[in-house]
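Visitor: I would like to learn how to read the domains and the strand pairing here. Show me the model, please.

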Amino acid sequence: MLTRRVTLRPFDIAFDCREDETILEAAFRAGVNLRYGCRHGGCGACRTPLQSGEVEYDDGRGSAVSERDRQAGIALLCCARPIEDLELLLEDYEVSELTPEFPPRQYGVTLSAKRMLTPDVLLATFSLEDGERIDFAAGQYVEIDLPGQAGHRAFSFANAPGKNDRVTCMIKLLPDGAFGTFIQRAPLNERLTLRGPFGQFRIAETAADIIMIAGGTGMAPIVSMLADLAASGSRRVIRFYYGARRSCDLFWLEEIAEFASRLPGFTFVPAVADPTGEAQWEGEVGLITDVVDRREPALQRCEAYLCGPPGMIDSAVGILRSHGMFASRIRYDKFLGTG
Ligand SMILES: Cc1cc2nc3c(=O)[nH]c(=O)nc-3n(C[C@H](O)[C@H](O)[C@H](O)COP(=O)(O)OP(=O)(O)OC[C@H]3O[C@@H](n4cnc5c(N)ncnc54)[C@H](O)[C@@H]3O)c2cc1C
Ligand code: FES
């Protein structure tokens, strides 16, 4: 099979990229870690300047790279295929970053438990084969194959990294969602294939106060992070804002209450956007981003972790920046469609 040489400047590290793979896939295969997020062309985290060479994109992929980017020689590594030997310019990388902490692998798993958390969120646990472990950092995700069909879907780990004999996912059941429909009907012990861990959304090892903001199943990586912080005895100040449409869309409340007893600096602020007809709701009302705007003071000394729908994240980034938070301290995972 035809291969192209991809060289990383200024490090002079090189690997071969086959014609049937993207630059990012080839880097994984070569054991090289490059920056990325969704792996599906939607988030832009893998945008990288080319020092030389040209790339092409499959139809419909690469929506996060504009025509202007293309003309300026910017490539979207998760979708781009080299059409000649390439040099990538990684000027703001440190060489240590190029070695993945947890190299992704393929695993055979069985669906070992599932239960509905809300009318449209399903909690599914996939158990690894006896003795297998999947090492990951809280905030990362896996890609699960759709049995009998081409393609896979991305779901974040909701379990703590210490519980690594399984992958627990909070799965939003979308109207006509292929994976959601499959997993609802699948019997226990169904066998599946997944790959991971992927993603660079993870807690920075600093002492800064933490703001977490999530909506929908964006809860998943955040609870994994909280479990990890609790397991390490963290005493950091953490304020977790969670937005739901109605109070019946709130979930994982007992588990979150338990974090409050293990994390001395932890506060949970749930908000309901539309409490119409909900006599019982006494918490915050409104979009979660407006609640953050109302409650938070200046945020120069804080860092933030955001997860959920792209619109919520874009709005939250704007609000955090308007409260003085540095852009480099805002980390997020946008839950884009991965079909
Ligand atoms: C890094 C990453 C981590 C993710 N983690 C999770 C997670 O932990 N839990 C989770 O529930 N989802 C998560 N997602 C989103 C999930 O991968 C997609 O929503 C996926 O497409 C769902 O698969 P499906 O087969 O059920 O629906 P599909 O068959 O893929 O989609 C059905 C329909 O819904 C639309 N659609 C798909 N996803 C979305 C969306 N997010 N918002 C609005 N419309 C959509 C599609 O365009 C299509 O019309 C993650 C995405 C990324 C990129
Ligand atoms: S656009 Fe390439 S990783 Fe998201």
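Visitor: Which domains does the domain assignment of the protein give?

Guide: Keep in mind that this is a predicted model. The assignment gives domain 1 (3–98), domain 2 (105–198) and domain 3 (209–334).

Visitor: How many Å separate the centres of domain 2 and domain 3?

Guide: Taken over C-alpha atoms, the centres of these two domains are 24 Å apart. Then look at the contact itself. Domain 2 puts in 17 residues, and domain 3 puts in 16 residues.

Visitor: Which elements give two or more residues to the side of domain 2 that touches domain 3?

Guide: Strand 8 and strand 12 (166–172) do. Strand 12 gives the most, with 4 residues.

Visitor: Now the pairing. Which strand do 6 bridges join to strand 8 (residues 105–118)?

Guide: For a pairing, read the bridges, then the direction. Strand 8 is joined by 6 bridges to strand 13 (residues 191–198), and the two run antiparallel. Take one pair as an example: Arg-105 has Gly-196 in strand 13 as its bridge partner.

Visitor: How many bridges join strand 10 (residues 141–145) to strand 13, and do they run parallel or antiparallel?

Guide: There are 3 bridges between strand 10 and strand 13, and the strands run antiparallel. Here, Ile-144 stands opposite Leu-194 of strand 13.

Technical notes: Residues are numbered from 1 along each chain as its sequence is written. Chains are lettered from A and ligands numbered from 1 in the order in which they are written. This is a predicted model: local features need pLDDT of at least 70, side-chain atom pairs count only at pLDDT 80 or more; totals for chains, interfaces and linings use all residues. Two strands pair if DSSP finds at least two bridges between them. Domain bounds come from an automatic or database domain assignment. Two residues are in contact if their C-beta atoms, placed from the backbone, lie within 7 Å.
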